Amino acid sequence: MEAGHTHYTPATGIPALKQAICDAFERDYGVKYKPAEVTVSSGAKHAIHNVLTACCDPGDEVIIPTPYWVSYSALVELVGAIPVLVETTEESGFCMTAEQFRNAVTPKTRMLMLNSPSNPTGAVYPVEALEALARVAVEKDVIVLSDEIYDKLIYNGYTFRTFASFGDDVRERTIIVNGVSKAYAMTGWRIGWTLAPANVSKAIDGLQSQQTSNPCSISQYAAIAGLNGPQECLSEMLVEFQKRRDYVIGRMRSMPGISFADPGGAFYVFFNVSQHFGRTLPGGVVVDNASDFCTALLEQAHVATVTGDAFGAPGYVRLSFATSMEILERGMDALEKFLS
Ligand SMILES: Cc1ncc(COP(=O)(O)O)c(C=O)c1O
């Protein structure tokens, strides 16, 4: 701000930030993008809305594996397109198979929205599973929006692969969404971006320049500092998150009447609470579904979670471990007591 970076910038981001995004992507994943293929937006959510608006017509179908991040279906509906939900299960690690993808494609299919690591499940697609999806995308000529916002939060034993890395025929159908919100814990700065083929980027650029103009100038400079600065903070943060994750899932494994697939990334545990349905709690409260469960957990144990209904997965509840160990310990004690 003192340097005077407080005025309008180019609508889709300053060149130095676009270059920093390309450099970081190549440094981390070995895939090259040009600044003309980057659009910087006011957060990853804004970037997703831009992509859908630029690429989908009313009536187009967008395939979304469930459970999915709550905004996906709402954003698809906002542009008049139709969310096609494909159910995945805890047993399959909440990953959609290539066969499920192929079966969901119709002549109206425009896009697949993929999110690995996933919010809400923490699922990380194995590399072979991703590659199999990529082959179907090429075969069926479907655009893939790959939301890679949790790419830097990957736990021991799991591997992240960007969807753009499976060859030119895949890259030309892929739109990567990412940003500084999760990797650098800069949620409030509101900087996200897309990496997309130049023709798609051009369409997104035209849209954004009329709708919102540039993302906050000050935040853009802050994002450059994040991307070009020392990266040790990422591994330090990951060590902390690994500890929190191991602690939380260790505690939850021994709690009665719940089950979950271990999260390979992100910072959530998505657990099945349906065994508790039909129970009557002290005070006569009956738990019939995941929303009842969350309300009772909040009111009686003061633990805040989100019902799986919001993510297209009734019977489940999402817990976030993006908080201090001290709060997690208190939360786990309270959850355990509540479940018992
Ligand atoms: C899967 C996923 N995509 C995108 C976003 C949005 O990120 P941003 O805060 O940069 O808009 C979130 C935020 O929670 C998310 O979980």
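# Helix packing, ligand shell and backbone geometry

Helices α1 and α8 are roughly parallel to each other, because their axes cross at roughly 25° and an angle under 35 degrees counts as roughly parallel. The model is predicted. In it, α1 covers residues 15-29 and α8 covers residues 217-228. The two axes come within 9 Å. Their crossing is left-handed.

From α1, the contact draws on Ala16, Leu17, Ala20, Ile21 and Ala24. From α8, it draws on Gln220, Ala223, Ile224, Leu227 and Asn228. By class, this contact has eight nonpolar residues, two polar ones and no charged ones.

**Overall build**

The protein chain holds eleven helices and 13 strands. Its radius of gyration is 21 Å, close to the 20 Å that the globule rule gives for 340 residues, so the chain is as compact as a globular protein of that length. Along the principal axes, the C-alpha trace spans about 60 × 55 × 35 Å.

**Helix pairs side by side**

Two packed helices are described by the angle between their axes and the distance between the axes.

| Helix pair | Angle | Axis distance |
|---|---|---|
| α1 (residues 15-29) and α8 (residues 217-228) | roughly 25° | within 9 Å |
| α9 (residues 232-253) and α11 (residues 325-339) | about 10° | 10 Å |
| α2 (residues 44-55) and α3 (residues 71-78) | about 40° | 9 Å |

Take α9 and α11, which pack at an angle of about 10°. That makes α9 roughly parallel to α11. On the α9 side, the contact is made by Arg244, Tyr247, Val248 and Arg251. On the α11 side, the partners are Met325, Leu328, Met332 and Glu336. This contact has five nonpolar residues, no polar ones and three charged ones.

Now α2 and α3, with an angle of about 40°. That makes α2 oblique to α3. The crossing of α2 and α3 is right-handed. Here Lys45, Ile48, His49 and Leu52 of α2 meet Ser71, Leu75 and Val76 of α3. The contact of α2 with α3 divides into four nonpolar, two polar and one charged.

**Ligand shell**

Which residues lie around the ligand? They are Gly43, Ala44, Lys45, Trp69, Asn115, Asn119, Asp147, Ile149, Gly179, Ser181, Thr187 and Gly192. The shell divides into three nonpolar, seven polar and two charged residues.

**Backbone geometry**

Pro120 sits in the loop between β4 (109-115) and α5 (127-140).

A cis peptide bond also runs from Thr66 to Pro67, with omega near -5°. Pro67 lies in the loop between β2 (61-66) and α3. Helix α3 is the partner of α2 described above.

Which residue has a positive phi although it is not a glycine? Ser213 does, at about 55°. Ser213 is found in the loop between α7 (198-211) and α8. Helix α8, in turn, packs with α1 in the left-handed crossing that opened this report.

Conventions
Residues are numbered from 1 along each chain as its sequence is written. This is a predicted model: local features need pLDDT of at least 70, side-chain atom pairs count only at pLDDT 80 or more; totals for chains, interfaces and linings use all residues. Axes are lines fitted to C-alpha atoms, for helices over the stretch in contact, and angles run from 0 to 180 degrees between N-to-C directions. Helices (H or I, at least four residues) and strands (E, at least two) are DSSP runs, numbered from the N terminus. Angles under 35 degrees count as roughly parallel, over 145 as roughly antiparallel, 65 to 115 as roughly perpendicular and the rest as oblique. A crossing is left-handed if the near helix is turned anticlockwise from the far one by less than a right angle, and right-handed if clockwise. Two residues are in contact if their C-beta atoms, placed from the backbone, lie within 7 Å. Ala, Val, Leu, Ile, Met, Phe, Trp, Tyr, Cys and Pro count as nonpolar, Asp, Glu, Lys and Arg as charged, and the others, Gly among them, as polar. A residue is near a molecule or strand if its C-beta atom, placed from the backbone, lies within 6 Å of it. The radius of gyration is taken over C-alpha atoms; the globule rule is 2.2 Å times the number of residues to the power 0.38.
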